[in-house]
Amino acid sequence: MTVEKIQFFNKTVELVFDGSLESISNWGDISKMIVITDENVFEAHQQIFQSFKTILVPSGEIHKQQSTVDKIIDDLLQLEADKQSIIVGVGGGVVTDMAGYAASIYKRGIRLMQVPTSLLGMVDAAVGGKNGVDVGPCKNMVGTIYQPDVLLYDYSFLKTLPEIEWVNGFAEIIKHACIKDANMFTFLQGKVLADFIKDPSLIATLVEQNVKIKLSVVLNDEFETGDRKLLNFGHTIGHAIENRYDLSHGFAISIGMAVACNISEEINQFQSSNKLSVLQLLQQYGLPVQFDFDPEKIWEILILDKKRNNEEMGFILLDAIGKGKVSSIPLQQLKDLLNH
Ligand code: NAD
């Protein structure tokens, strides 16, 4: 088990690779811990949860809403959680987003441990402290930035992860490769999903590499005033598609990346051969790159995006594979590009 201490603006995060939920007592008194997990994760790992007070939330993005967090807070009060209590988020991104948010607001902030159990959660959602809920159709509209005290990786959870969720996770891995790491992009080109599913050490190494990429971006810009925006590659269009068409996060982001590649080619001289390589890699990992969406429907959501600044939209383009760029596109131009 390797433990690294990562210094954020106002918190030190202990990063534990190759840990186990059972070993979590090393980081606090179990009697003070309250696990938040969802029904699927609980069902698949019931035994592990026996030692913990547990708050169960329903599974799925549709429940990532303020009403679920209100219920979590009611449950925390019922359990007499106090300032010494520790919330332990054990689940995919939906759970860790809500656990982080609840920990940041309950009694104005209590201790937090995150144990991501989906691949997407491991490489992305649980890393960097962003949390929150959707408001109606608008993704992640309300939330805080609140680092966990401990971010613990227990790869044994991946044994029960459905294959489709592996595919979803690879959307964010490919995103990291596109914006920051051309070598990882080439490495991924030489593999297929099944290689990672059947080889625990291969996936562990890839997860660690991705956590380091995300951390390096976040540590330079914890509160997203600049480069952290790079992590939104594919997400502006992707989030709008996710909400309008009920697609999973990874699938929607994959389609969003494909559109962002097209736009990068049109207005940023991103080479067409590189665009094809990105599309090919996404497909190689089972991700969609085309979707017949109605631009008008997408536009209605897009203009509510947090990255909109009056008449411009913050948008991530690619200069090359491994080199993302924070940019801004006038709304009318973006609308025209979408209608192409
Ligand atoms: P999710 O939490 O809905 O998990 C996907 C599915 O897998 C769910 O049905 C869940 O119950 C199940 N699951 C998770 N782990 C499992 C396991 N080990 N065994 C069996 N089933 C398991 O979704 P996700 O893809 O993990 O995360 C997507 C969410 O993350 C979105 O809400 C997105 O907005 C958010 N996100 C947040 C950030 C951030 O920085 N905070 C970054 C990226 C994504």
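Visitor: How many aromatic pairs does a search of the whole structure find?

Guide: This is a predicted model, in which local features need pLDDT of at least 70, side-chain atom pairs count only at pLDDT 80 or more, and totals for chains, interfaces and linings use all residues. Residues are numbered from 1 along each chain as its sequence is written, and side-chain values use heavy atoms, with hydrogens and water left out. Rings of Phe, Tyr and Trp (its six-membered ring) pair if their centres lie within 6.5 Å; planes under 30 degrees apart count as stacked, over 60 as edge-to-face and the rest as tilted. For the whole structure, the number of aromatic pairs found is nine.

Visitor: Which kind of pair do phenylalanine 187 and phenylalanine 196 form?

Guide: Phenylalanine 187 is partly exposed at 33% relative accessible area, whereas phenylalanine 196 is buried at 0%. Here buried means under 20% relative accessible area, exposed over 50%, and partly exposed in between (1.4 Å probe, protein chains only). The two ring centres are 6.2 Å apart and the planes stand at 75 degrees, so the pair is edge-to-face.

Visitor: How many residues apart in sequence are the parts tied together by tyrosine 245 and phenylalanine 291?

Guide: Their ring centres lie 5.0 Å apart with planes at 80 degrees, so this pair is edge-to-face. Helices (H or I, at least four residues) and strands (E, at least two) are DSSP runs, numbered from the N terminus. Tyrosine 245 belongs to helix α10 (residues 235–245) and phenylalanine 291 to the loop between α12 (272–284) and α13 (295–302), so the parts are apart in sequence by 46 residues.

Visitor: Which ring does lysine 11 lie over?

Guide: A charge sits over a ring if NZ of Lys or CZ of Arg is within 6 Å of the ring centre and within 35 degrees of the ring normal. At 4.0 Å from the ring centre, lysine 11 lies over the face of tyrosine 146.

Visitor: Which residues have the most contacts inside the largest nonpolar core?

Guide: A nonpolar core is a set of buried Ala, Val, Leu, Ile, Met, Phe, Trp, Tyr and Cys residues joined through side-chain atoms within 4.5 Å. The largest one has 78 residues, and helix α11 (residues 249–268) gives the largest share, 10 residues. The residues with the most contacts inside this core are Tyr153, Phe170 and Leu188.

Visitor: Which residues does leucine 188 touch?

Guide: Contact means heavy atoms within 4.5 Å. Residues up to four places away in sequence are not counted. Leucine 188 then touches Phe170, Ile173, Ile174, Ala177, Phe196, Leu206, Leu281, Gln284 and Tyr285.

Visitor: Is lysine 139 buried or exposed, and which residues does lysine 139 meet in salt bridges?

Guide: A salt bridge is a side-chain nitrogen of Lys or Arg within 4 Å of a carboxyl oxygen of Asp or Glu. Lysine 139 is buried, at 7% relative accessibility. Lysine 139 lies in strand β8 (residues 138–142) and glutamate 61 in the loop between β4 (53–57) and α3 (66–78), so their pair ties together parts 78 residues apart in sequence. The salt bridges of lysine 139 are at 2.8 Å (N to O) with glutamate 61, and at 3.3 Å (N to O) with glutamate 242.

Visitor: Which residues are linked with Lys139 in a network of salt bridges?

Guide: The structure holds 19 salt bridges. Lysine 139 is in strand β8 and glutamate 242 in helix α10, so that pair ties together parts 103 residues apart in sequence. Linked with Lys139 in the network are Glu61, Lys64, Asp97, Asp134 and Glu242.

Visitor: Which are the edge strands of the open sheet that has three strands?

Guide: The order in this sheet is β10-β11-β12, with antiparallel pairing. Eight bridges join strand β11 (residues 312–320) to β12, where alanine 320 stands opposite lysine 323. Each edge strand pairs on one side only, and these strands are β10 (308–309) and β12 (323–330).

Conventions: Two strands pair if DSSP finds at least two bridges between them.
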